[in-house]
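Have a look at it first.

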Amino acid sequence: MSLDDQTLSTLLRLKRFEQPPPGYFDDFLREFQSRQRKELLRRPVWSLAWDRLEAFWFHTFTVARLSYATASLAVLCIAGALTFNMLQNPGSSVRASAEILAANATHAPVVQPAMQVASAPRARTINAALSPQIRIPDGMLDASVAPVASGQHPRYILDTRPVSYEPPFSF
Amino acid sequence: MTDEPAPNEDARLVARTQAGDPAAFDVLVVKYSPRLYGLVYNMTSNHEDTNDLLQDVFAKAYRSIGGFRGNSAFYTWIHSIAVNMTINFLKKRGRRLTMSLDDMDSGVEHDKDFIEMTSSTNPVREANLSELQIRLNEAMMKLSYDHRAVVTMFDIQGMPHAEIAKILGVSEGTVRSRLFYAHRQLQNYLEEFH
């Protein structure tokens with residue numbers, strides 16, 4: 001027997017009656033919802049943690065969230081302004097330091113090698129008294145340190161009072 | 001079986017689902033599960049596989065519905081998902097046949113095709129309709145997945161060529177060509193039986 005197209009189509013149409021057991025579609029939706037809930041629990045831990053954090057953050061601390069957002073924005077603005085300034089004047093502070101050093105170099109004192117260890121103002125005062133040929137520029141000495149006249153005894157200033165001057169507090 | 005659902009109603013349900021109303025998607029599940037069951041079942045020939053696949057189809061649709069822009073009808077979209085997932089499943093599973101005419105719904109006795117086929121004047125009656133149906137199912141399983149999908153949608157579910165073309169993403173000419181080739185193959189398999 002050969003099957004013509006019409007017979008074949010009729011046989012195929014009968015297949016639409018192949019149905020699942022009774023009540024299947026009633027349970028299908030329940031099973032779908034149950035699987036969805038299980039799938040939610042199978043989500044990665046970080047995803048669940050993020051959801052909870054998000055819920056906590058966005059639904060609990062609305063005012064605090066706005067404050068933090070404003071503060072963060074302000075910090076970003078300040079950082080941006082500073083960065084912009086630095087980009088506009090690159091190395092300005094370095095250049096200023098270099099200019100000061102160059103100016104000092106033009107008025108540099110002629111110091112004998114043996115005296116170069118004296119760098120602090122007080123030490124320079126003492127050494128100047130011992131060795132009069134040292135020339136120190138005027139600007140390098142502050143007003144409180146007066147030049148020592150020849151023949152005069154050097155005057156030493158102590159930073160602290162001697163211990164014996166302290167009043168005895170112990171009985 | 002060609003009663004297509006109203007697209008406006010589907011669009012409203014899709015919009016509600018996209019807005020975060022899962023109950024709207026439940027309505028879509030109830031609405032489309034019988035039709036999609038027929039599609040998947042006639043391609044897999046196994047109830048348990050069909051059930052699992054159908055669950056996965058709706059789960060995937062629910063996850064992806066946020067990206068559904070309504071360029072096609074929801075009906076077309078969900079059928080595309082079902083066909084693609086079923087074909088992928090069949091490729092992994094390989095060949096297995098577990099279909100039986102015992103699964104037939106009792107409503108078949110009232111169907112005019114069934115009455116005609118079992119009438120005393122029809123030669124098919126002599127050839128034992130039940131066995132012929134089993135052979136037809138076996139023949140269906142010998143078709144390629146693409147051909148099986150076309151036969152299922154056109155001959156069993158009664159969908160028009162244009163709709164099948166949209167679902168499969170091919171031209172109507174391709175659908176007709178696949179149908180012609182599949183019918184020839186089925187006829188050859190059934191002639192061998194006789």
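B:Ser45 is buried, because 22 other C-beta atoms sit within 10 Å; the cut-off for buried is 20 or more other C-beta atoms within 10 Å of a residue's own, with exposed at 12 or fewer, partly exposed in between, and C-beta atoms placed from the backbone. This is a predicted model, where local features need pLDDT of at least 70, side-chain atom pairs count only at pLDDT 80 or more, and totals for chains, interfaces and linings use all residues. Residues are numbered from 1 along each chain as its sequence is written, while chains are lettered from A and ligands numbered from 1 in the order in which they are written.

**Around B:Ser45**
- You'll find B:Ser45 in the loop between H2 and helix H3 (47-64) of chain B; helices (H or I, at least four residues) and strands (E, at least two) are DSSP runs, numbered from the N terminus.
- B:Asn137 is 92 residues from B:Ser45 in sequence, yet their C-alpha atoms are 8.0 Å apart in space.

**Chain B overall**
- Chain B has ten helices and zero strands.
- Of its 194 residues, 33% are buried.
- Among contacts (C-beta atoms, placed from the backbone, within 7 Å), those between residues 24 or more positions apart account for 67% of the ones in chain B with a separation of 6 or more.

- Setting aside neighbours within four places in sequence, B:Val150 is in contact with B:Ile164, B:Val175, B:Arg178, B:Leu179 and B:Ala182.

**B:Asp155**
- B:Asp155 belongs to helix H8 (residues 145-156) of chain B.
- Why does B:Asp155 count as buried? Because B:Asp155 has 23 C-beta neighbours inside 10 Å.
- Leaving out neighbours within four places in sequence, B:Asp155 is in contact with A:Ser9, A:Leu12 and A:Arg13.
- B:Asp155 and B:Leu179 are 24 residues apart in sequence and 9.0 Å apart in space, C-alpha to C-alpha.

Definitions and conventions:
Contact = placed C-beta atoms within 7 Å.
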